Amino acid sequence: MSSRKLEEIVVMGKVAGPYGVKGWIKVYSFAEKLESLLNYKKLFFSKDQRKWQEIEVGEIKLHGKTIIANFSDILNRSHAQEYKGYLIGVLKESLPKLNKNQYYWNDLIGFEVLNLKNYSFGLVETFIETGANDVIVVRGEIDRLIPYTQKTIIEVDIVKDKIVVDWDEDF
C-alpha cells in the first residue's frame, strides 16, 4: 500500500463493516450516484483523513443500497472488521471535471465558516451525511454541527476559502 496526501484524495464513502467471512466489506457511498464507485480499481482508506493508504480493489459491486467489495490486502472477516469506520477516497484527478461554481466537499475542508454577522465559527473539519441532510463539522472554540441546506448555506466563496451561513452563534 502506498500513501497519499489529503489534497490529492476526495472522500467518496465509508466502510460500514465486514460482509461475509472472506474479507469482503460493506461500503456506504457518499457519492451522488451509488454506482460511481464501481469504476475505480484503486481506492484509498484513511482512519483520520490525514494519511491515506492505497488499496487495490479485487471486486466491487452493488448490493441493495450499499456496495460490497473485496480487496487484495483484506483476506478474512476479522481483518475486514479492522477497517470499520474508515473513510474511502479516490484520487481527485480521476473524478469528472466540474462546471464553474461547482466543487467537491473535499475542496471545502479548511474553509472558514462565518455567519451573517461575520462571527467566525471556525474551520470545516469534515462533512457528515445523515440521510435527512448533510452536516458540516466545524472545529473552533466550540465544535459545531451545521446543516448543509439551501436555507442555512448562504454563500460558498472558493476564492476566499469561506462559507457564509445563516446560523446563530448560540447554537
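The legends below describe several views of one predicted protein model.

**View 1. The surface and the charges of the chain.** The accessible surface of the protein chain comes to about 10300 Å², and carbon and sulfur atoms account for 49% of that area. Buried residues make up 40% of the 171 residues. The chain carries 24 positive and 25 negative side chains, and a distance of 6 Å separates the centres of these two sets.

View 2. The largest nonpolar core has 24 residues, of which Leu37, Leu43, Phe45 and Phe71 touch the most other members. Two or more residues of this core come from each of strand E2 (9-19), strand E3 (24-29), strand E4 (42-46), strand E5 (52-63), strand E6 (66-71) and strand E7 (87-91). Another core, with 14 residues, lies apart from the largest one, and its members include Leu108, Val113, Tyr148 and Ile153.

**View 3. The surroundings of Leu37.** Leu37 is one of the residues that touch the most other members of the largest nonpolar core. When neighbours within four places in sequence are left aside, Leu37 is in contact with Met12, Val27, Ser29, Leu43, Ile60, Ile67 and Val90.

**View 4. Glu125 in strand E9.** Glu125 belongs to strand E9, which covers residues 120-129, and with a relative accessibility of 29% Glu125 counts as partly exposed. Its contacts, leaving aside neighbours within four places in sequence, are with Gln49, Arg50, Ile109, Val137 and Arg139. Val165 is 40 residues away from Glu125 in sequence, and the C-alpha atoms of the two are 16 Å apart in space.

**View 5. Gln49 in the loop between E4 and E5.** Gln49, one of the residues in contact with Glu125, has its place in the loop between E4 and E5. At 11% relative accessibility, Gln49 counts as buried, because buried means under 20% relative accessible area. The phi angle of Gln49 is near 65°, which is a positive value in a residue other than glycine.

**View 6. Phe111 and the residues that it touches.** Phe111 is placed in the loop between helix H2 (105-108) and strand E8 (112-115), and with a relative accessible area of 4% this residue is buried. Not counting residues up to four places away in sequence, Phe111 touches Gly122, Leu123, Val124, Val156, Asp157, Ile158, Asp161, Lys162 and Ile163. Phe111 and Glu125 are 14 residues apart along the chain, and their C-alpha atoms are separated by 8.5 Å.

**View 7. Asp161 in the loop between strands E12 and E13.** Asp161, one of the residues that Phe111 touches, lies in the loop between strand E12 (153-157) and strand E13 (162-165). Its relative accessible area is 41%, so Asp161 is partly exposed. Its phi angle is near 55°, again a positive value in a residue other than glycine.

Terms used. Residues are numbered from 1 along each chain as its sequence is written. This is a predicted model: local features need pLDDT of at least 70, side-chain atom pairs count only at pLDDT 80 or more; totals for chains, interfaces and linings use all residues. Side-chain values use heavy atoms; hydrogens and water are left out. Buried means under 20% relative accessible area, exposed over 50%, partly exposed in between (1.4 Å probe, protein chains only). Accessible areas come from the Shrake-Rupley method with a 1.4 Å probe; for residues, only the protein chains shown count as cover. Lys and Arg count as positive and Asp and Glu as negative; His and the chain ends are not counted. The place of a charge is taken as NZ of Lys, CZ of Arg, CG of Asp or CD of Glu. A nonpolar core is a set of buried Ala, Val, Leu, Ile, Met, Phe, Trp, Tyr and Cys residues joined through side-chain atoms within 4.5 Å. Helices (H or I, at least four residues) and strands (E, at least two) are DSSP runs, numbered from the N terminus. Contact means heavy atoms within 4.5 Å.
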